[in-house]
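My entries follow in the order I made them.

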Amino acid sequence: MVSSTSTPSDLHYTLRCVESGAAVEERYTLSCPDHPKSLLRADYAARQIDPRDIGNVFRFMDWLPVGDVLPGRARPVVFRNEDLSREIGVDDLWIAFTGYYPERGAYAASASFKELEALPTYSRLRRFTDSSVVVASAGNTARAFAEVGNQIGAGNVVVVPKTASGRLSVTDDNGMTTLIAVDGDYSDAIAVSDRIVALGGYVPEGGARNVARRDGMGTVVLEAALTSGRLPDRYFQAVGSGTGGIAAWEASMRLIGDGRFGDRLPRLELAQNEPFTPMAKAWSAGRREIIDSDLGWGKRDEEQVYADVLTNRHPPYSLAGGVYDAMSATGGSFRTVSNVDARNAERLWMTYEDVRPNPAASVALASLVSAARSGTIGKDERILLNMTGGGLERAREELGTTTIPVAAEVPADADDDSLREALYARGGGHRAAARCRGGPGGQSAVRPEQGVH
Ligand SMILES: *Cc1c(COP(=O)(O)O)cnc(C)c1O
């Protein structure tokens, strides 16, 4: 599918299948050839992390599966807030924030930690192919991949349910995103994106299977360990797929290997938003598998949550190296958070900080409040709270936004020819340049050298 332009000996890492430990050839590879139910993991040559003087996530490039450094400003920032700590009753609290919050030095325009995943993914991808990446998402993942793709001039295809097609915006639309609206729901959008990848010349973003996405998210823990001096004892995050939890575990193992940050894995303290809490249910029943009843009643449970980015029906929970293994290895626990508690946590945050958190980040804060109240956190324990997003409204006001126009609308059962036509409608992810900020209607010009793949 992907032609190799780089020999493995150029690379500063080896891909290994978690289940067997076997080395796997890196060609933007997303799965273990012999073990479909195992994640791959990157094994880096550098034993110690030596942060570079780079203003974005590439600061940690020794532990990212990347080639060229890309521009952009997304990186996690880590800080303390003593008043908030006191109010919650957690003394040694460190807050990691990714989003748009200039007062704290955070400038991720798409306003979530998905931008930490998008940057390394594009860099990894470029090393092996000039194909466009395909993303099926109506939320933060799509916004992050579209934002970065437009900033760096990389083609990308975003597939969304028609009902969500008016919501995709970026700070500068350079025409790199081909937005395809599917007449159907989110599962139909995923199915259409799979068929686009199967046409050839397009690659999937890979989700949790993409080591660039996981290790990009893992930089939150790296930043926290470097800022605070050691690994935290507990790591709090709200999860939908749980990929951030896997990433935190993997980054922690690397930091233990580094030797300077402690020798104990942080406990994963993951939270889901009630009533949609499939991983929390499977975990509390001691199951490695998610069963139908964990998913609740049809779509009803998903539609009732405050933080809709946390409603993933197919999380990488059972895979070797996935959420179940991460929770087992770290002695982790799941909490569930009601909408009321999430909104209260948001209010609490807004009392002490000047940026509106993403609802998912409020769920994480609420779970920390609840853990502190129940007395589970020891006096000397160091806590890392991952505020995974925030500041979208501010980013929109201060940076300006352009809504990406729909390139084509397709039925859920669109055949290959109509998909090809849809992709060509705007140049297959390489529609070029020059539309003015503020909306469609500017000029567009094709950049022939980029072609269509
Ligand atoms: C995607 C997302 C999450 C959930 O992350 P996972 O680790 O993939 O479950 C949490 N918060 C925000 C803001 C997100 O965009």
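**Helices on the sheet.** I looked up helix α3 (residues 140–152) and found that it lies across β8, β9 (156–161) and β11 (177–183). Contact here means heavy atoms within 4.5 Å. Helices (H or I, at least four residues) and strands (E, at least two) are DSSP runs, numbered from the N terminus. Helix α3 runs at about 155° to β9; axes are lines fitted to C-alpha atoms, for helices over the stretch in contact, and angles run from 0 to 180 degrees between N-to-C directions. I then turned to helix α4 (residues 186–198), which lies across β8, β9, β11, β12 and β18 and runs at about 150° to β9.

**Source notes.** The model is predicted: local features need pLDDT of at least 70, side-chain atom pairs count only at pLDDT 80 or more, and totals for chains, interfaces and linings use all residues. Residues are numbered from 1 along each chain as its sequence is written, and side-chain values use heavy atoms, with hydrogens and water left out.

**The sheet.** I traced five strands in an open sheet, ordered β12-β8-β9-β11-β18, with parallel pairing. Two strands pair if DSSP finds at least two bridges between them. β12 (202–204) and β18 (406–411) stand at the edges with a single partner strand each, so one side of each has no neighbour in the sheet. From one strand to the next, the twist averages 30°.

**The ligand.** Which residues come nearest to the ligand? Of the 18 around it, they are K114, G240, S241, G244 and T388; a residue counts as near if one of its heavy atoms lies within 4 Å. I noted polar contacts, pairs of N or O atoms within 3.5 Å. A polar side-chain atom of Q237 is 3.0 Å from a ligand oxygen atom. Polar backbone atoms of G242 and G244 lie 2.8 Å and 2.6 Å from an oxygen atom of the ligand. The protein covers 96% of the 380 Å² of accessible area that the ligand has on its own (Shrake-Rupley method, 1.4 Å probe). The elements giving two or more residues to the shell are β13 (234–238) and α6 (243–258).

**Backbone.** I found a cis peptide bond from E274 to P275, with omega near 5°. P275 lies in the loop between β14 (267–273) and α7 (278–284). Most peptide bonds are trans.

Definitions and conventions: Polar contact = N/O pair within 3.5 Å; in protein donor to acceptor, adjacent residues only side chain to side chain.
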